[in-house]
Protein chains: 2
Amino acid sequence: MAFQFNGSLETFQHDTVTHHTKDNSYWFYEKSKESFPGQAFGLEIVDILYHTKTEFQDILVFKSKTFGNVLVLNGIIQCTEKDEFAYQELITHIPIMSHPSPRKVLVIGGGDCGVIRELIKHVEDKSVESITMVEIDDMVIKLSTEFLPQMAKYHNHPKVKLTIDDGFKFLRETREKFDVIITDSSDPEGPAQEFFQINYFKLLSNALNENGIVIMQSSENIWLDIKYLKELLLKASNVFPNVEYCQCYMPSYTSGQLGLIIATMNKTVDLTRPLRRFDSCKETSLFKYYNHEVHHSSFILPTWARQYLG
Amino acid sequence: MAFQFNGSLETFQHDTVTHHTKDNSYWFYEKSKESFPGQAFGLEIVDILYHTKTEFQDILVFKSKTFGNVLVLNGIIQCTEKDEFAYQELITHIPIMSHPSPRKVLVIGGGDCGVIRELIKHVEDKSVESITMVEIDDMVIKLSTEFLPQMAKYHNHPKVKLTIDDGFKFLRETREKFDVIITDSSDPEGPAQEFFQINYFKLLSNALNENGIVIMQSSENIWLDIKYLKELLLKASNVFPNVEYCQCYMPSYTSGQLGLIIATMNKTVDLTRPLRRFDSCKETSLFKYYNHEVHHSSFILPTWARQYLG
């Protein structure tokens, strides 16, 4: 099934899209009065590729002038073809390379399938044996397959078990245990709301094998609402004795960076350094953003943020 | 002398300022069709504080909703009160802490006086003995003193020798030698054009003491024009046998990051690690962004950029 936008950029109406008459350009502006008041990131639009409102969220896909195709959920950029690999690689390879034997992996969310693409590299390397993905909104997968083909190319891979369901509900009901759980969700405003609460961290810990590792996008960075970020880290620490925070630096996320929270019940492992690493030749052939030095440096914070987050 | 803007936000006309009628908000948008087409960074304006066109450039100062006061030269953000310390600290402390005895320091540009503020910390620590600053546009210093008082508080310090002149001309004529030279300029479009050419690197090397270190803002980062960045690094390498590249991560610069080029004639020193460091208590009291771990991690690049830049 192919998706087609029935309309024109000229007549398309959306809160995030502004027409500039001076040079007849159309721009997407990411703004949020609640999450990041007073600042905006803009991308020039070449074409609207698709727009729909599902049961769960507003989904917009457009072709940008310089960032390739862009997926937007509820007005917030989820990924652009230009820089998506940075986030996908960091949220995947940091936990995988920190785990001695990451055989069973669960992905909560991840509808754009970029994390799956990264995990398949470890399937091919024979460390990961099975991938379960639980995405609430089937439409995100369908649109990614259509418009982000370099990301969504492995959701039909034989090692991937795809479930369309609420990740929170799935975790409450499952009896399976996993070595790594990656929460690749949208921000707390919308269907991912429950992922930023203490009960979610409890469900995550219940679904982990011994030495299991969880990682999630925090929807924050140190320059935005660091107070909220600290509260989120405290919620994680309430359940996990070993919690760390790292950042991914890429232009299409608010402030040019996005924080990830990584945690494990194992008190002795140092998550800020890879437990396993490939030789540099293989590392370079597999990854564009991640390497063993990037792994560690992603955890190094400016003094004021390190102090505040404790 | 106090500066006052004679006008209102409502009637102010400037290429970078847009009025949004929907919520009656005024936004500054940083855009450049040449340097970073298709992307924009926006800050909501509370008030215009000053606007002038000098012999050298267009200077706009405004009060933003969430980033404090903002200084803009030729449409490009130079600093905001919220995050200026990140850049000022990195461009200052990386060369200073990489030098065994940085007694004489030259600053080219730096009119907002943030680098001077950081250097005074080393004057108080008795490592830096004299600071020469050569800024082409007196008005930048005056407006920074008025509207960025936390940055521009030491330009009258007895150890600071301030010269209003073209930095390129100053370097061509001076017979003085320096231990550290910091080029804190605006971008190549405008009066800083000459700072991004091979002749400038030659002038810099001529004005260095043995083991001297230079650092400059590159006006680039790895996500923008990496080809141009590589060319700039090659120009530096044509003069200096030891050249490194690091990045500062902060929300108000394009893509949330800005690259710095650091170089020395000394082939054996590793500029990516501090040669000297304070104990962590003193380090924390002196600096908000810089620390010895940030020093090193600023040089760690994603694999694709490391490969491309060689």
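A:Asp184 is buried, with a relative accessible area of 8% (buried means under 20%, exposed over 50%, and partly exposed in between, with a 1.4 Å probe and protein chains only). This is a predicted model, in which local features need pLDDT of at least 70 and side-chain atom pairs count only at pLDDT 80 or more, while totals for chains, interfaces and linings use all residues. Residues are numbered from 1 along each chain as its sequence is written, chains are lettered from A and ligands numbered from 1 in the order in which they are written, and side-chain values use heavy atoms, with hydrogens and water left out.

A:Asp184 lies in strand 10 (residues 178–184) of chain A; helices (H or I, at least four residues) and strands (E, at least two) are DSSP runs, numbered from the N terminus. In an unreviewed entry, the UniProt annotation "active site" covers A:Asp184. Not counting residues up to four places away in sequence, A:Asp184 touches A:Tyr87, A:Gln88, A:Ile91, A:Ile108, A:Gly109, A:Gly110, A:Asp112 and A:Val115, contact meaning heavy atoms within 4.5 Å.

UniProt, again in an unreviewed entry, lists residues 25–265 of chain A for "domain: PABS". UniProt positions follow the numbering used here, feature names are shortened, and annotations may be inferred rather than shown by experiment. Over residues 25–265 the chain is 27% helix and 39% strand, with the end C-alpha atoms 51 Å apart.

| Helix pair | Angle | Axis separation |
|---|---|---|
| Helix 1 (residues 84–98) and helix 2 (residues 114–124) of chain A | about 45° | 9 Å |
| Helix 5 (residues 198–206) and helix 6 (residues 226–239) of chain B | about 40° | 9 Å |

Axes are lines fitted to C-alpha atoms, for helices over the stretch in contact, and angles run from 0 to 180 degrees between N-to-C directions. Helix 1 and helix 2 of chain A are therefore oblique to each other (under 35 degrees counts as roughly parallel, over 145 as roughly antiparallel, 65 to 115 as roughly perpendicular and the rest as oblique). By class, their contact has six nonpolar, five polar and five charged residues. Ala, Val, Leu, Ile, Met, Phe, Trp, Tyr, Cys and Pro count as nonpolar, Asp, Glu, Lys and Arg as charged, and the others, Gly among them, as polar.

Helix 5 and helix 6 of chain B are likewise oblique to each other. From helix 5 of chain B, B:Ile198, B:Phe201, B:Lys202 and B:Ser205 meet B:Leu232, B:Lys235, B:Ala236, B:Asn238 and B:Val239 in helix 6 of chain B. This contact has five nonpolar, two polar and two charged residues.
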